[in-house]
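This report describes selected features of one protein model. Please look at the sequence and structure first; the text then follows the model by topic.

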Amino acid sequence: MNPGLVSLVGAGPGDPELITVKGLRALQEADVVLYDSLASPLLLDGLRAERIYVGKRCGVHAMSQSAIHALIVGLAKQGKRVVRLKGGDPFVFGRGGEEALALRQEGVPYEIVPGISSAIAAAAYAGIPITHRGIAESFAVTTAHRRLDEDGFAIPPYDDRTTVVLLMGVKTLPQWAGQLHELGYPGDLPVAFVTWGTTARQSRLVTSVGRCVEDAARHGLASPSIAIIGRTVLLAEQLDWFDPTTAVAPVDEDELAAQ
Ligand SMILES: C[S@@+](CC[C@H](N)C(=O)[O-])C[C@H]1O[C@@H](n2cnc3c(N)ncnc32)[C@H](O)[C@@H]1O
């Protein structure tokens with residue numbers, strides 16, 4: 001039997017309407033959908049496909065990465081049409097590359113359906129353009145999740161025309177804020193945290209490099225959040241447009257796992 005096609009699909013950042021037309025069609029045609037945290041559950045409603053949760057529950061992975069690889073490969077080799085649904089974009093801190101490599105190694109056909117990353121979408125829903133003529137001409141997306149064997153974070157040296165967007169940075173905030181100081185980021189440079197972006201739970205906290213640790217602690221900053229560091233953050237108030245009360249509520253990981 002020929003293996004079925006596997007689609008690695010970006011679900012977008014939370015608002016279920018932010019999936020691509022191609023991603024939605026793949027979901028509708030799938031025999032099996034493997035999904036994880038942060039994928040909007042509304043995307044799973046009404047599908048004929050079998051659904052398997054492979055994300056994190058209570059902070060513990062439901063399945064190891066190698067077990068996920070084996071599962072996808074096994075299902076595809078049964079001739080099933082598989083969708084691997086991931087939050088945001090599969091290739092932006094989504095381990096999509098590792099899964100594609102595992103499929104390639106096993107001779108399973110696959111396609112990548114990009115998604116809208118939270119790095120851009122949560123900023124846009126908070127009224128923050130990550131580039132803006134005359135203010136920021138480039139942006140860098142990095143992570144503040146660090147392997148134990150790594151020193152520091154991959155934060156670029158300070159450049160006042162570059163917006164830095166940091167993912168997975170809530171727990172390590174004091175460490176990366178310290179690194180910003182060492183790298184010469186000015187204390188008064190604006191920082192915005194956008195939490196649960198594009199959903200009914202979206203909130204925005206505007207602070208600065210010098211005050212972000214204290215302000216985040218005072219407001220009880222929680223995951224999932226992105227941090228946007230740069231002068232375009234100052235446009236947030238003028239460009240504010242999104243009303244979370246009109247949006248769809250996200251479902252947390254435990255609820256997702258139980259679906
Ligand atoms: C494992 S990374 C996955 C990123 C994803 N592939 C993407 O492109 O958005 C998870 C991190 O993405 C960020 N994130 C994802 N969805 C978010 C949302 N709706 N609002 C704010 N941050 C979000 C948070 O920093 C979270 O810790």
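R218 is exposed, its relative accessible area being 57%. The model in which this is seen is a predicted one. R218 forms a salt bridge with E214, with the closest N and O atoms 3.6 Å apart. E214 and R218 are four residues apart in helix 6, which puts about one helical turn between them. E214 is also exposed, at a relative accessible area of 53%.

The side chain of R218 meets that of D215 in a salt bridge as well, at 2.8 Å from N to O. These two residues both lie in helix 6 and are three residues apart, again about one turn of the helix. D215 has a relative accessible area of 5% and is buried.

Helix 6 covers residues 212-219 and includes A216. A216 has a relative accessibility of 4%; because buried means under 20%, A216 counts as buried. Leaving aside residues up to four places away in sequence, A216 touches L173, F193, L205 and L221. A216 and V170 are 46 residues apart in sequence, while their C-alpha atoms are 8.7 Å apart in space.

## Other salt bridges

The whole structure holds 14 salt bridges. One of them joins the side chains of D31 and R48, at 3.1 Å from N to O. D31 sits in the loop between helix 1 (21-29) and strand 2 (32-35), and R48 in the loop between strand 2 and strand 3 (50-53), so the pair ties together parts that are 17 residues apart in sequence. D31 is partly exposed, with a relative accessible area of 27%, whereas R48 is exposed at 58% relative accessibility.

Five strands make up an open sheet with mixed pairing, in the order 8-9-12-10-11. Strand 8 (138-143) and strand 11 (203-208) are the edge strands, each pairing on one side only. On average, neighbouring strands of the sheet are turned by 20° against each other, direction ignored. Helix 4 (residues 118-125) packs on the sheet and touches strand 8, strand 9, strand 10 (190-195) and strand 12. The direction of helix 4 makes about 75° with that of strand 12.

Within the sheet, strand 9 (residues 162-167) pairs with strand 12 (residues 225-229) in the antiparallel sense, over four bridges. V165 stands opposite I228 in strand 12. Helix 5 (residues 173-182) lies across strand 9, strand 10 and strand 12, and runs at about 10° to strand 12.

Helix 3 (residues 96-105) has G96, E99, A100, A102 and L103 buried. Seen down the helix axis, the buried residues of helix 3 fall within an arc of 160°, so they line one face of the helix. They pack against strand 1 (6-10), helix 2 (65-77), strand 6 (82-86) and strand 7 (110-113).

The exposed residues L101, R104 and Q105 are on the face of helix 3 turned away from its buried side. Just after helix 3, G107 takes a positive phi of about 70°.

## Aromatic residues

The model has six aromatic pairs. Y125, W241 and F242 form one aromatic cluster.

Terms used: Residues numbered from 1 in each chain as written. Predicted model: local features only at pLDDT ≥ 70, side-chain atom pairs only at ≥ 80, totals over all residues. Heavy atoms only, no water. Pairing = 2+ DSSP bridges. Axes fitted to C-alpha atoms, helices over the stretch in contact; angles between N-to-C directions. Contact = heavy atoms within 4.5 Å. Buried < 20%, exposed > 50% of the residue type's maximum accessible area, 1.4 Å probe, protein only. Arc of directions from axis to C-beta. Phe/Tyr/Trp six-rings, centres within 6.5 Å; stacked < 30°, edge-to-face > 60°. Salt bridge = Lys/Arg side-chain N within 4 Å of Asp/Glu carboxyl O.
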